[in-house]
Amino acid sequence: MPVDLILRSGTVIDPLTKRNEVLDIAITNGRISHMAPRLGPDITASREIDVTGRLVAPGLIDTHGHIYQHVTGRFGLNPDLVGVRSGVTTIIDQGGPSCMTLGGFRHFVAEPADTRVLCFLSAYLVGGLEGHLYPELYGPGQTNVEHSVRVARDNADIVRGIKGHAEIGGISRWGLEVVKIGKEIARQAGIPLYVHLGQLWPTREDAPDINADDVVRELVPLLEEGDVLAHPFTRHPGGFISMETGEVHPVVWAALERGVTVDVGHGSHFSFEMAEQVMRAGIRPYTLGADMHGYNVNVPDITDSEDRQANPFAGRAPFSLTNAMSKLLYLGMPLEEVVATVTANPAKMIGMSDTLGSLQVGREADISVLNLERGRFEMADNSGVRVVTDTMVTPAFTLRAGRIFETDSPLNPPVVPVQ
């Protein structure tokens, strides 16, 4: 039987089906047609790739991207640079498009991209202009529940949730009202609310001091099963760790018990110190987003790099989704669990487990082939902390609907060996 492509002898890790074994995978017409420990001679391919020793995973899902290129100013990246050309087959833009701008997002970003592009719709009418650089655009008067719900329902194929923010800069201006509005949009649309934790904007100059712990205590009870708390390892005030006690907030534990999930949202927020403290307490991230944007990566062909680095959202350390996976491995998560954070778990989070996040016969051939580099390598967080790890996950190549993409994105961080 002729097929288009065979991936030979890769180590398949698929948390949804609980596979962790060496398999051959055959692909025909963009779909997986056969999977077996060794495909017989009756199955012949026009092309074969030996992936012995490599990790073959369901196409990676990045739960936190900023890819509304041009419309969100310098904040938005090209979707394929952080997608298929970085080992990722599906990327979810977090809050770039709004009910007013989703049409442009669909036409100019999602449809032309080789990467599968989804989004969490912004709760704000303006969406993520310049990465939320201007806080005055993001108050309760700049929202519309009815319009947002209608757009989310009418575009359910790509709108998989709602994005909102809960941090002291916004709360100094309008309290938790915008988060409550975001929750109402999500509830009426029947999709999850994804909430940014950790300070984003400066506090209003004439506002009284805002207690970051009070923000968390008031916010978290608003969330329901399926909603998502982002940036648990943030280095900014207002995360999982109480500034009063130095321990995980009790309300966070209560939220996790009722089905609220945790997304890493690496970005300019990730801190090894906070991650170790949160994970030592027993909290594991459910999903993993890279949170790459134009201020925290080195965008190719730019002329305003100094201006970008001066932005309050700028980061210091090069990173990507596979780099963030490497950090979870360093922090002690088993490989199968790390793979789940970028495959089965995000597919469930967005209600697409029937099509994404698993390698099964008949499904579209979204496959990420990864290297597990062994040695001694340096990684850094955005506080300037550097660590040495013995394992780095790097992208080898990507299949999106059976089409091969080289992982040649200039945004991929270098792998730095140390003596």
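Here are some notes on aromatic pairs and salt bridges in this predicted model.

1. Ground rules: residue numbers run from 1 along each chain as its sequence is written. Local features need pLDDT of at least 70, side-chain atom pairs count only at pLDDT 80 or more, totals for chains, interfaces and linings use all residues, and side-chain values use heavy atoms, with hydrogens and water left out.

2. There are seven aromatic pairs (ring centres of Phe, Tyr or Trp, its six-membered ring, within 6.5 Å; planes under 30 degrees apart are stacked, over 60 edge-to-face, the rest tilted). One of them is F233 with F270: the centres sit 6.1 Å apart and the planes are at 75°, so it's edge-to-face. Both residues are buried (under 20% relative accessible area; exposed is over 50%, partly exposed in between, with a 1.4 Å probe and protein chains only).

3. F272 and Y330 also pair edge-to-face, with centres 5.5 Å apart and planes at 75°. F272 is buried at 2% relative accessible area, while Y330 is partly exposed at 29%. F233, F270, F272 and Y330 form one aromatic cluster.

4. On the charged side, the whole structure has 19 salt bridges (a Lys or Arg side-chain nitrogen within 4 Å of an Asp or Glu carboxyl oxygen). Buried or exposed? D366 is buried at 7%, and R400 is buried at 16%.

5. R187 and E224 bridge at 3.7 Å between the closest N and O atoms; R187 is partly exposed at 43%, as is E224 at 35%. Salt bridges with shared partners join K183, E184, R187, E224 and D227 into one network.
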